[in-house]
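Open the model in your viewer and follow the stops below. Each one says what to select and what is there.

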Amino acid sequence: MPSTALSGIRVLDLSRVLAAPLATQLLADLGAEVIKVERPGVGDDSRTYGPPFARGTDTAAFYLSCNRNKRSITVNHATAEGQELIRALATRSDVLVENFRTGTLAKYGLGHESLLELNPRLVYLSVTGFGQTGPYAARPGYDGIFQAMSGMMSVSGHPEEPMKVGVSMVDILTGLYAATAVLAALRHRDATGEGQFIDLSLLDCGLASLSHFAMNYLVSGEVPARRGNGGYGGIPSQAFLCKDKPLFLVAGNDKQFAAFCAAADRTDLLQDPRFATTSARIAHREEILPVLEAILRTRTRDEWLAVLDAHDVPAGPFNEMPEVFADPQIQHRGMLVEADDPVSGRLPLLANPIRLTATPVEGYAPPPALGEHTAQVLRNLVGVTQARLCELRRRGVV
């Protein structure tokens with residue numbers, strides 16, 4: 001029995017910054033061997049996306065967020081010898097992941113058609129802004145652009161101002177789609193012996209993530225309104241200001257709303273036909289929200305959280321980062337882990353949230369230094385001798 005879910009899978013990771021590196025980190029957490037290929041002397045752009053930097057280093061926290069459990073080698077893909085090294089590694093890999101602009105790697109003989117010819121079992125994933133086809137295929141792009149273009153910003157923020165989600169949400173969601181696509185392609189490869197090419201677009205993933213917002217529009221033709229911290233499900237489902245601090249309250253069905261009314265000592269609301277059912281509350285949103293706002297302002301946040309919990313009504317506080325990591329549930333679930341880093345010492349990391357009983361995620365190796373494993377990987381996988389390695393380094397190939 002393998003000790004990890006993806007034991008025996010080798011991933012050649014030619015990606016940078018966030019979306020694709022997040023996907024390969026997820027595969028690495030699940031046990032795949034991930035070899036990160038970086039530019040000599042430069043590396044992944046995100047290494048410089050600081051401050052903050054890891055203690056005693058010039059490595060940005062941004063880079064640390066999506067590159068653990070990998071090995072780093074340096075290869076200059078713009079050189080003929082570098083291209084040969086990447087081809088050799090690709091023939092010994094199960095998966096290749098890259099996020100260069102459309103057509104870039106093909107110019108160097110490293111596109112999916114060339115590498116699949118060399119290794120028909122290879123799963124080749126390309127993550128680009130707009131995909132391999134279409135009028136925008138050659139354009140560059142970043143997360144904020146895709147939040148704007150996909151419609152995500154159109155449903156986020158307050159009525160008078162569209163708002164970007166604070167984190168790079170399209171990148172993160174694309175990383176999850178990417179890892180899922182790779183696993184599906186590996187399943188197909190194991191069944192048929194055939195690899196394949198995966199064309200993944202950040203714009204596509206951003207739009208797909210609109211889910212029920214997009215479906216509401218497609219069914220009704222009505223453009224979704226921006227509701228700030230309000231939701232589109234049952235009512236209430238949004239932020240409310242209490243006597244001192246805000247909380248987020250969701251009573252998305254009739255049972256939960258009845259429990260809220262009991263907790264608030266306002267069971268009279270259940271007799272009002274405008275508020276008696278989920279559909280009625282949605283239809284009369286603008287009438288019930290002021291009533292709920294007035295009710296929530298009568299007690300402190302912690303008083304409300306206690307009474308709502310006692311009545312089994314879903315609610316939670318707004319936590320800043322210190323409060324997040326001090327939360328007893330977060331601590332119990334082990335969402336903060338540490339890795340031993342040779343330079344910075346104990347490096348705090350976010351844990352992988354996947355809990356597997358047979359093949360648990362257990363290892364957390366620190367993100368690698370630039371080119372840390374070049375000699376080891378090229379010697380063991382490609383047979384590069386020490387003398388040859390020194391020559392390649394002298395000429396800027398590795």
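Start with the charged pairs: the structure holds 21 salt bridges. A salt bridge here is a side-chain nitrogen of Lys or Arg within 4 Å of a carboxyl oxygen of Asp or Glu. This is a predicted model, so local features need pLDDT of at least 70 and side-chain atom pairs count only at pLDDT 80 or more, while totals for chains, interfaces and linings use all residues. Residues are numbered from 1 along each chain as its sequence is written, and side-chain values use heavy atoms, with hydrogens and water left out.

**Stop 1: D13 and K70**

Select D13 and K70. Their side chains meet in a salt bridge (3.2 Å, N to O). D13 lies in strand β1 (residues 10-14) and K70 in strand β3 (residues 70-74), so the pair ties together parts that are 57 residues apart in sequence. Helices (H or I, at least four residues) and strands (E, at least two) are DSSP runs, numbered from the N terminus. Is D13 buried or exposed? D13 is buried, at 0% relative accessibility. K70 is buried too, with a relative accessible area of 3%. Buried means under 20% relative accessible area, exposed over 50%, and partly exposed in between (1.4 Å probe, protein chains only).

**Stop 2: E84 and R87**

Move to helix α3 (residues 80-91), where E84 and R87 sit 3 residues apart, or about one helical turn. A salt bridge joins their side chains (2.5 Å, N to O). E84 is partly exposed at 47%, whereas R87 is buried at 16%.

**Stop 3: R346 and D340**

Next, select R346 and D340. Here the salt bridge spans 2.1 Å, N to O. R346 is partly exposed, with 42% relative accessibility. D340 is exposed, at 53%.

**Stop 4: a network**

Select E81, R388, E391, R394 and R395 together. Salt bridges link them in a network.

**Stop 5: the largest pocket**

The largest pocket has a volume of about 1100 Å³. A pocket is an open set of points on a 1 Å grid over the protein atoms alone, where a 1.4 Å probe fits, with protein on both sides within 12 Å along at least five of seven lines; lining residues have an atom within 4 Å of a point. Its volume is the space filled by probe spheres set on the points, which are joined across faces, edges and corners.

Select L22, Q25, S65, R68 and L350: of the 36 lining residues, these lie nearest the centre of the largest pocket. Which element gives the most to this lining? β13 does, with 5 residues. The lining divides into 25 nonpolar, 7 polar and 4 charged residues. Ala, Val, Leu, Ile, Met, Phe, Trp, Tyr, Cys and Pro count as nonpolar, Asp, Glu, Lys and Arg as charged, and the others, Gly among them, as polar.

**Stop 6: the second largest pocket**

About 530 Å³ of space lies in the second largest pocket. Select R16, V17, N99, G141 and Y142, the closest to its centre among 25 lining residues. α1, β5 (123-128) and α5 (143-149) each give two or more residues to this lining.

**Last stop: the whole protein**

Zoom out. The protein has 16 helices and 13 strands. Its C-alpha trace spans about 85 × 50 × 40 Å along its principal axes. Of its 398 residues, 44% are buried.
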